[in-house]
Amino acid sequence: MYSKYAFRAAATLSLLMTSSAFAETITIATVNNGDMIRMQGLTDDFTAKTGHDVEWVTLEENVLRQRVTTDITTNGGQFDIMTIGMYETPIWGKNGWLVPLNDLPADYDVDDILPAMRGGLSYDGTLYAAPFYGESSMIMYRTDLMEKAGLEMPEAPTWEFVANAARAMTDKDNEIYGICLRGKAGWGENMAFLTATSNAFGARWFDDNWTAQFDSKEWADTLNFYIDLMNDAGPPGASNNGFNENLSLFQQGKCGMWIDATVAASFVTNPDDSSVADKVDFALAPDTGLERRSNWLWAWALGIPAGTQKEGPAKEFIQWATSKDYIELVAENEGWANVPPGARTSLYENPNYQEVPFAEMTLKSIQSADPLNPTVEPVPYVGVQFVAIPEFAGIASQVGQEFSAALAGQQTAEEALEKAQALTTEEMEAAGY
Amino acid sequence: MARSITQRRKAINTAAAWAVGLLIFFPILWTILTSFKTEAQAINDPPLFLFFDWTLENYAVVQERSDYMRFLWNSIIVAGGSTILGIIIAVPAAWSMAFVPSNRTKDILLWMLSTKMLPAVGVLYPIYLIFIRLGLLDSRIGLVVVLMLINLPIIIWMLYTYFKEIPGEILEAARMDGATLKEEILYVLTPMAVPGIASTLLLNIILAWNEAFWTLNLTAAKAAPLTAFIASYSSPEGLFYAKLSAASTMAIAPILILGWFSQKQLVRGLTFGAVK
């Protein structure tokens, strides 16, 4: 009698277990970056291996951020996987909004993920999103213009060298500008660059008591140096330039140097789009001798919102998209220069990838950024070019506008810093820090 | 002499109108031209106007990557559905305000318009939570209702101004002939207000077609209309302006064609009541 019940129970259980392995359709929110587009094109491989279908929701970065934030804070359940960055992941992980990725199988080899990436995508030692690709920032420069200026770029230059070289390369009559840097306001635009740069000048956003530090000498040095350099050697209208605008200028041969995301290396060396593809080399982002460089650290990562009904298939997808096999798959289809960079150690040990011109400098840049110890003086926060607190995006956007206005000559650096100090203090007090 | 001045003025007016028209149309023209360039040509400095190697490559890429027809179909249903639903609700509302006004009618009209003054993002969370409860997220029905509610004040205002132009005596005559309220609205008022209703309809289809806050925030994969289609080609890290332009051209083409064929109706509707 009991055995009959036990048999029925076992049969029901096994049925339930098999039904959970049925093919599902998962919805993934992502951004329109080259590596993501390639991933969408290769989804058939995932479907063939697991039987699960994928529906893509591709949105512009800022729209995506608003869209997924609304969904995750309300437990809306619209997405089974979200493409998020290093800024959101620790905050959302802390709030319990993401499924922890602590049960990845052995063959996934989680220890192969670059330590800097793993650290930035974890909260309290638990990984909450798997890096799809990672980036830092570095100097991309024109070898011909550097030679013409009679200079030689060291692998790890100082800001002093970069500034001198920029001024020497500038030939405004022929529309050649020594250096192109971000000036467009935004927490992910000029503030990403300036926050990372300020680390090299010994500045920081907050001291250990969460007091804003824009009234410090280090911040004044950072901003004055940047504005003077851009006035002497930058392109006109630089306060409107973000990543895309500078990419366009560099590809047309108008920039001697450009300090920006390492992913740009594949664009500027692509002869189809870039008129200077064969005259580009790379160097680490500059420092001022204080043991912190001006490069940032970012990852586009895949995380699973805690409310999803399809956690199993979502995890299968993440394991597929961020695996070593996926990198091989992209290499087979699109070539080694197009594999998603900056996520796995093994990629940089691969002899095929070592032949890619920007591979080595990308890895060195990533390795030289430490989100846990980003500044010279101690800070209470995590993040190189951002502060991983929810208030940061709002505050930094406002500060970014002040700095952009200073670059445009609408106010002095001192006025901009004074306003930044006042508004940051006010916002932080209102937020209860 | 008088005639020559008039003709000269006419010529000046025509030239000025063309200049303003071209100025307004120029961004759209530039988008269309860019969609036929390669990515490198799209960012060329100085910009290339007409003399470049025209290519259809961007359209091919966009076609291959996205299911355009699904986005288009969603846009048609959402824009058409919300406008028709809005008209059905607005006609009786505008009728009562135009022909049987109360002391508060003006206040109600102003209050309705004041709902348009609130930034949409201010009510994003309440609406999102309601949609979760009702299971309306990423559904076309949900979008139809929201867009209808957003455009309803404009529809009622437009219809109200058209109805005010219609002499109340005609409706009274219909009533004396024994017409019921329904018959009065359906067979007497509506036919007379057809130009007004038609232009309201057209304007609201355009508004709903272009609406890019709610259509992006309340949809995911299934109900996303053409606004989401455009957003999927915008990238802060990569120069894809030619592809973005191709996607934009494909998204605005249907409404541009509709606007072109109905421009007489639109202009008539918009200037209706302006000159007495």
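Start with chain B, residues 184–209: 96% helix, 0% strand, with the end C-alpha atoms 32 Å apart. Helices here are DSSP runs of H or I, at least four residues, and strands are runs of E, at least two, numbered from the N terminus. This is a predicted model: local features need pLDDT of at least 70, side-chain atom pairs count only at pLDDT 80 or more, and totals for chains, interfaces and linings use all residues. Residues are numbered from 1 along each chain as its sequence is written, while chains are lettered from A and ligands numbered from 1 in the order in which they are written.

Now residues 71–96 of chain B. That stretch is 100% helix and 0% strand. Its end C-alpha atoms are 38 Å apart. An unreviewed UniProt entry lists both 71–96 and 184–209 of chain B under "transmembrane region". Such annotations may be inferred rather than shown by experiment.

On to chain A. The domain assignment, automatic or from a database, gives domain 1 as 14–128 + 298–354 and domain 2 as 136–295 + 377–430. Their C-alpha centres lie 30 Å apart. The contact (C-beta atoms, placed from the backbone, within 7 Å) takes 6 residues from domain 1 and 7 residues from domain 2.

Last, strand S9 of chain A, residues 280–284. Buried means 20 or more other C-beta atoms within 10 Å of a residue's own, placed from the backbone. 4 of the 5 residues of S9(A) are buried, so the strand is largely enclosed by the rest of the structure. What joins S6(A) to S9(A)? 5 bridges, running antiparallel; pairing takes at least two DSSP bridges. Arg142(A) has Val280(A) as its bridge partner in S9(A).

Notes
A residue is buried if 20 or more other C-beta atoms lie within 10 Å of its own, exposed if 12 or fewer, and partly exposed in between; C-beta atoms are placed from the backbone. Two residues are in contact if their C-beta atoms, placed from the backbone, lie within 7 Å.
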